[in-house]
Amino acid sequence: MIDTDRELAGRAAVLAATDNHPYVRHALRRDDRPRGWVRDGAVAWVLPAAENDRAGGVVGPVDAAVELVAALVTDGFVRPGQYLQLPRADRRLLVDRFGATRVDDWDFLWTTAAPPRQPGQERVVRLGPADHPALSALIDDAFPTSSSRPEDPTVVDWYGRWEAKRLVACGADRSRGDIGFLAGLTVARDRRGRGLGAALTVGMTRALLTRYDQVGLGVYADNLAALRLYRRLGFTGTLRRSSVWLG
């Protein structure tokens, strides 16, 4: 039995317990029905058993978060093969404690203000179904490991920039909760270093800020160049995360 300070029922209760943190506002979709727990300053939530491999997440102090997840595993609320989003923790600890088969360290960044204008941002446009072949070609060549694809139903919209009838940059609007979310930002290999990534980020962020009060994105912790770029553009809110696949 999980020993907790209190239990939470539903999305609104989890959001309230985390002071409506931007990460939680993003992580929980509006139709999610999580069950949550609070202990020693950590807040954990899990999604219904019917959910596939996306089990839930935890925010708060690392040690308390790890102990809370261990209790969830022991009581069967999460199962092997599922993944959880935890505060950044030592990889060896996660492997030893949970038999983790994979650990991805990344940063969740967010902004509440329109980023500074960049040359070419006005050329970033919304794309439609007719542009999907060009999107696939660009992503396959420039970002083959991207999980954002034209056929992905979780993508709300695509944005991109054309040059001489060629798509040279693109990004996905993967907003799913209460804040906007950028993903899969891609620039053609032979167009890198020319400011297209900055222009794409600014164009998309300004578009999403017309619908949301915050915009976020995720960056792998070792992508230092991208981290510098996004912080320069105003994405200064930071939450360090570890995605953990349970063994």
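Student: In which loop does valine 156 lie?
Tutor: This is a predicted model, in which local features need pLDDT of at least 70 and side-chain atom pairs count only at pLDDT 80 or more, while totals for chains, interfaces and linings use all residues. Residues are numbered from 1 along each chain as its sequence is written, and side-chain values use heavy atoms, with hydrogens and water left out. Helices (H or I, at least four residues) and strands (E, at least two) are DSSP runs numbered from the N terminus. With the elements named in this way, valine 156 lies in the loop between α5 (132-142) and β8 (157-163).

Student: Is valine 156 buried, partly exposed or exposed?
Tutor: Buried means under 20% relative accessible area and exposed means over 50%, with partly exposed in between, using a 1.4 Å probe and protein chains only. The relative accessibility of valine 156 is 45%, so this residue counts as partly exposed.

Student: Which residues does valine 156 touch, not counting residues up to four places away in sequence?
Tutor: Contact means heavy atoms within 4.5 Å. By that rule, and with residues up to four places away in sequence not counted, valine 156 touches Asp173 and Ser175.

Student: How far apart in space are leucine 217 and aspartate 173, C-alpha to C-alpha?
Tutor: Leucine 217 is found in strand β11 (residues 215-220), and because its relative accessibility is 2%, leucine 217 counts as buried. Leaving aside neighbours within four places in sequence, its contacts include Phe108, Leu182 and Tyr230. Leucine 217 and aspartate 173 are 44 residues apart in sequence, and their C-alpha atoms are separated in space by 9.9 Å.

Student: At roughly what angle do the axes of helix α3 and helix α4 cross?
Tutor: Axes are lines fitted to C-alpha atoms, for helices over the stretch in contact, and angles run from 0 to 180 degrees between N-to-C directions. The axes of α3 (residues 62-74) and α4 (residues 91-98) come within 11 Å of each other, and they cross at roughly 25 degrees.

Student: Why does α3 count as roughly parallel to α4?
Tutor: Angles under 35 degrees count as roughly parallel, over 145 as roughly antiparallel, 65 to 115 as roughly perpendicular and the rest as oblique. The axes cross at roughly 25 degrees, and that makes the arrangement of α3 and α4 roughly parallel.

Student: What percentage of the 247 residues in the protein is buried?
Tutor: The protein has seven helices and twelve strands. Of its 247 residues, the buried ones make up 55%.
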